[in-house]
Amino acid sequence: MESLIRIVNKLQDVFSVFGEQQLTDLPQLVNLPQIVVVGTQSSGKSSVLESIVGRSFLPRGTGVVTRAPLVIQMIRYTEETKKSMLMSNNIENDENITEWVEFLHRPNAYYFDFDLVRNEIECRTNILAGTNKGITNNQILLKIHTNRYDLTFVDLPGITKVAVGDQPADIDEQIQKLIISYVKQSNSIILAVVTANTDPSTSESLQIAKKLDPDGIRTIAVVTKLDLIDEGTLQDTKDLLCGRRIPVKLGIIGVVNRSQKDIVENKSMDATLKSETEFLKTYYPDIYTKHGNKALAHTLQMVLITHIKKVYPKLKIELEEMKQKLGKKLLALHTPDNKISFLIGLLKDISKSYEDTINGNQNDVSVEKIVGGASIARIFQQKYLKTINAIDPLQDLSNEKIAKILLNTSGTNQSTFVNEKALQRILSRQLNNLIEPSLDCVELVRSEMLNILNSIDIRCLDILKRYPQLNEDVQKVFEKLLEQNVNNIKEFIASYIESYQECLNTANPDFIMEIVKSNNTIQEEILAAANINKNSDDIFSTQALFTFGKSTDPPIPDKMAQLKKIEINRIQMLNQLLSGLNNQEVSLESSEQVKLHRDLSICYFEYIRKIVRDFVPKRIKHKMINSFLKDLDKRLNQEIFQTYLIEKKIDEVLLEDESYKKDRIDVEAKLDAVRKALKSMVDIQYF
């Protein structure tokens with residue numbers, strides 16, 4: 001069963017290829033089963049680990065001593081492996097050598113003196129975390145070859161609340177964040193170190209464990225400093241050791257480690273274990289066999305093996321999935337064998353993906369935001385139509401201004417019913433308000449069409465990012481082609497609206513119908529301005545006409561015919577009035593004439609607005625969007641591929657960004673590590 005732990009050790013080794021982060025980023029890749037040691041400063045965390053290892057090798061001192069995650073792999077060696085190690089170091093068989101250490105960052109270097117091991121940990125910590133007592137996420141991995149156990153720990157910085165010396169002010173937050181990044185992993189076993197002389201309910205290591213493992217199924221508690229409690233609290237401590245006060249499922253084990261005096265006097269580990277056993281027998285005679293450092297090491301070994309067996313199938317699946325993901329990523333980062341074919345295919349893919357995105361045919365439909373053609377349609381509906389419908393037909397046009405226009409366009413003559421020259425000036429002035437929103441709409445669509453380039457197939461975008469010069473040139477083709485379309489369409493739309501400003505046709509039947517459909521007040525004012533008399537039948541009929549279509553009662557057939565006849569007569573009268581053919585020679589008061597021209601301006605403006613708001617989106621779709629899509633593939637080919645080919649620049653523009661070269665090397669290394677890990681896992685045989 002111990003071989004399972006060795007396989008996990010191999011996995012930790014192979015994943016060390018992830019640069020200086022080593023296993024720090026590993027949870028994002030795969031969640032390895034491991035024992036994570038959590039405790040406050042001075043809780044006895046280091047002493048617990050040293051007792052299990054059987055050697056004093058960890059740095060000691062005040063403040064934060066462990067400043068980098070320390071992965072400690074205990075590997076039980078065989079006589080063959082020991083002989084091989086001695087031969088590689090040209091050492092004759094030395095029975096005094098019972099343990100030795102290797103550091104992953106120093107391959108082929110062997111340490112037999114554990115004081116030198118401590119020095120190397122301190123030196124490496126200063127390299128990774130600096131000398132200002134700060135911490136780092138980068139790991140230090142050491143292998144302790146021993147005749148004791150197969151076991152693996154991750155020793156984390158001790159929990160602290162106060163920064164010391166030149167430590168960062170937020171050192172406590174940094175440590176909490178680092179600890180949580182390990183403890184939250186579902187495959188981590190939490191070894192929470194608690195001191196016997198403090199209330200366990202205030203233990204920060206237990207609080208962290210409870211937060212991230214609320215049911216306690218991944219937590220084992222170690223109670224240190226049993227020898228420092230008052231005799232009067234022995235029963236409380238016994239309750240604690242028996243699991244009556246801490247809700248953890250993997251067990252609670254009490255230990256007695258070396259005191260500071262023992263460390264100073266260099267008390268041996270064997271002597272310490274002997275003293276611990278005597279202490280437990282004396283004060284906890286009925287439970288002493290379940291506690292102590294030997295019981296702790298045995299329990300941890302069994303817990304870790306059981307945990308590895310439990311998570312092994314899922315771990316293997318995670319590695320297989322990661323292999324596939326890394327394989328796909330590496331495929332996307334591959335360098336093309338035939339650059340000409342690669343470039344032609346890429347440009348066609350860009351053109352097709354862009355067209356698909358505009359037309360809503362993309363493979364991956366976004367559920368996060370509106371993209372592609374839908375974003376352009378939203379510009380028409382929510383921006384352009386909203387803006388143009390909000391324009392007041394009489395914007396900045398008061399009755400006083402209308403009166404002055406009437407007077408100034410009449411010259412020495414008296415104005416007739418409809419001063420067409422004045423109406424021309426008024427409407428030219430007011431219809432001008434339709435031009436700017438329409439041209440703004442063109443600009444909004446142009447901007448959105450450039451943005452849509454960033455919403456095409458992610459594979460195309462990733463490839464473009466790899467080649468900065470090619471990416472820039474593709475952007476230029478898009479901008480240039482859009483600029484040509486934009487200039488043409490702006491000129492056409494402005495000219496289209498100007499034609500209505502310059503050429504009024506008040507006799508147009510559609511305009512007459514606009515007046516007929518206008519509200520009662522406007523119709524009555526226009527007819528009143530012309531002084532058209534109505535007999536009683538006409539009044540009845542007029543009222544019926546204006547209410548036609550509003551009543552819920554269906555009209556009888558005779559009345560329907562009557563209403564139709566009245567509508568035709570009314571159209572004829574309005575047509576005569578606006579054509580200047582009315583024979584009545586009654587002079588109009590200025591106020592009546594102002595009302596007439598104001599109302600006619602409103603109706604004509606509404607008539608043209610309907611035309612423009614229907615025309616502009618159609619024109620943009622036809623001569624801007626569709627024309628762009630039609631020409632895009634040809635322009636990309638002409639201005640990029642053909643130009644590169646003629647100027648012999650294909651190799652030059654397909655130079656990768658340096659970051660992508662590093663990415664490819666990194667992905668290759670990771671993929672190789674995952675393959676090695678899977679190969680290692682094949683060797684596992686268990687039932």
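I take contact to mean heavy atoms within 4.5 Å. Helices (H or I, at least four residues) and strands (E, at least two) are DSSP runs, numbered from the N terminus. Axes are lines fitted to C-alpha atoms, for helices over the stretch in contact, and angles run from 0 to 180 degrees between N-to-C directions.

**Entry 1: basis.** I note that this is a predicted model, in which local features need pLDDT of at least 70, side-chain atom pairs count only at pLDDT 80 or more, and totals for chains, interfaces and linings use all residues. Residues are numbered from 1 along each chain as its sequence is written, and side-chain values use heavy atoms, with hydrogens and water left out.

**Entry 2: the sheet.** I looked up the strand order and found an open sheet of nine strands, β4-β3-β5-β2-β6-β1-β7-β8-β9, with mixed pairing. Two strands pair if DSSP finds at least two bridges between them. The edge strands, β4 (106–111) and β9 (252–254), each pair on one side only. On average, neighbouring strands of this sheet are turned by 25° against each other, direction ignored.

I then looked up helix α6 (residues 171–183), which lies across β1 (34–38), β6 (151–155) and β7 (188–195). Helix α6 runs at about 155° to β1.

**Entry 3: strand β2.** I followed β2 (residues 70–76) to β5 (residues 140–146): the two strands run parallel and are joined by seven bridges. Within this pairing, Val 71 stands opposite Leu 141 in β5, and the bridge partner of Arg 76 in β5 is Thr 146. With β6, strand β2 pairs in the antiparallel sense over five bridges; there Leu 70 stands opposite Asp 155.

I also checked burial, where buried means under 20% relative accessible area, exposed over 50%, and partly exposed in between (1.4 Å probe, protein chains only). Six of the seven residues of β2 are buried, so this strand is largely enclosed by the rest of the structure. As a general point, in a regular strand the side chains alternate between the two faces of the sheet.

**Entry 4: two asparagines.** Asn 90 is found in the loop between α4 (79–88) and β3 (100–103) and counts as exposed at 73% relative accessibility. Asn 108 has a positive phi near 70°, but its place is in strand β4. Asn 108 is exposed, with a relative accessible area of 68%.

**Entry 5: Ser 351.** Is Ser 351 buried or exposed? I found Ser 351 buried, with a relative accessible area of 6%. Ser 351 is found in helix α12 (residues 339–359). Leaving aside its neighbours within four places in sequence, Ser 351 is in contact with Leu 632, Asp 633 and Leu 636.

**Entry 6: α15 and α18.** I looked up how helix α15 (residues 420–431) meets helix α18 (residues 468–502): their axes come within 8 Å and cross at roughly 160°. That makes α15 roughly antiparallel to α18 (angles under 35 degrees count as roughly parallel, over 145 as roughly antiparallel, 65 to 115 as roughly perpendicular and the rest as oblique). The crossing is right-handed. On α15 the contact is made by Gln 424, Ser 428 and Leu 431, and on α18 by Ile 497, Tyr 500, Gln 501 and Glu 502.

Note on methods
Left-handed = near helix turned anticlockwise from the far one by under 90°.
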